[in-house]
Amino acid sequence: MFILKIVLAAGILLVVGDFLSTFLYHVPEHVFGKFHSIVHHGKNRSFLHYAVLTRNPVVILDGFLGALPYFIFVPWLWKISAIGTILGLILGEFHVVWRHVSLIKWQTPKAISFFCGCFFITTPERHWLHHENSSVAYGDIFTFYDRPAQQWMKFLMGIKKKHCKNIKA
Ligand SMILES: [Zn+2]
Ligand SMILES: [Zn+2]
């Protein structure tokens, strides 16, 4: 039961956090904002930049807004398992750094790629596709958010187009 609670708290934190981060911040930012695109998708960025290890306040702000959904449930998850909550936050933070290692010419070992495939976990190679083309490979941590995220993006794009037309008319 103890172990189960740890896994449950860490799992909920990552699955719900990635869901909120993707649908409420990441996709809308790509459709309506420029902030994330400049910070996260600009050319000539270093590994440290993407991994939010720089002290640039703009980079930290993008990282903070993206990470906020992971923190809002902490008080609630803490009641299920404090260790699981901390583990979830550490794993989430680790994944942010790991998914950007493509920049230092990292290649994910086959065994890890296979493991990630089984658990729908985004590998650095997959996340890099998103950096190269911001309309694909959504789900910072989990790949199963990609399809609904792309649908959500199309829907928001439709609203944006309609709205812009109305402004012009
Ligand atoms: Zn990224
Ligand atoms: Zn993006």
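Q: What pattern does the protein follow, read along the sequence?
A: The pattern is α-α-α-α-α-α-α-α-α, and the secondary structure comes to 9 helices and 0 strands. Helices (H or I, at least four residues) and strands (E, at least two) are DSSP runs, numbered from the N terminus. This is a predicted model, in which local features need pLDDT of at least 70 and side-chain atom pairs count only at pLDDT 80 or more, whereas totals for chains, interfaces and linings use all residues. Residues are numbered from 1 along each chain as its sequence is written, while chains are lettered from A and ligands numbered from 1 in the order in which they are written.

Q: How do you know that the span of helix 6 agrees with its number of residues?
A: The expected span is 1.5 Å times one less than the number of residues. For the 17 residues of helix 6 (residues 82–98) this gives 24 Å, and the end C-alpha atoms are 24 Å apart, so the two agree.

Q: Which residues of helix 6 are called buried, and why are they placed on the same side of the helix?
A: A residue is buried if 20 or more other C-beta atoms, placed from the backbone, lie within 10 Å of its own, exposed if 12 or fewer, and partly exposed in between. Gly84, Thr85, Gly88 and Gly92 are buried. They cover an arc (of the directions from the helix axis to the C-beta atoms) of only 105°, which puts them on the same side of helix 6. The face turned away from this buried side carries the exposed residues Ile90 and Phe94.

Q: What makes up the largest nonpolar core?
A: A nonpolar core is a set of buried Ala, Val, Leu, Ile, Met, Phe, Trp, Tyr and Cys residues joined through C-beta atoms within 7 Å. The largest has 8 residues: Ala9, Ala10, Leu13, Leu14, Tyr70, Leu77, Ile121 and Ile141. Helix 1 gives the largest share of this core, 4 residues.

Q: Where is confidence lowest in the protein?
A: Confidence is given by pLDDT, from 0 to 100 for each residue. The lowest mean, 66, belongs to helix 3 (residues 47–50), and the highest, 96, to helix 7 (residues 110–118). Where pLDDT is low, the predicted coordinates should not be read in detail.

Note on methods. pLDDT is the predictor's confidence in each residue, from 0 to 100.
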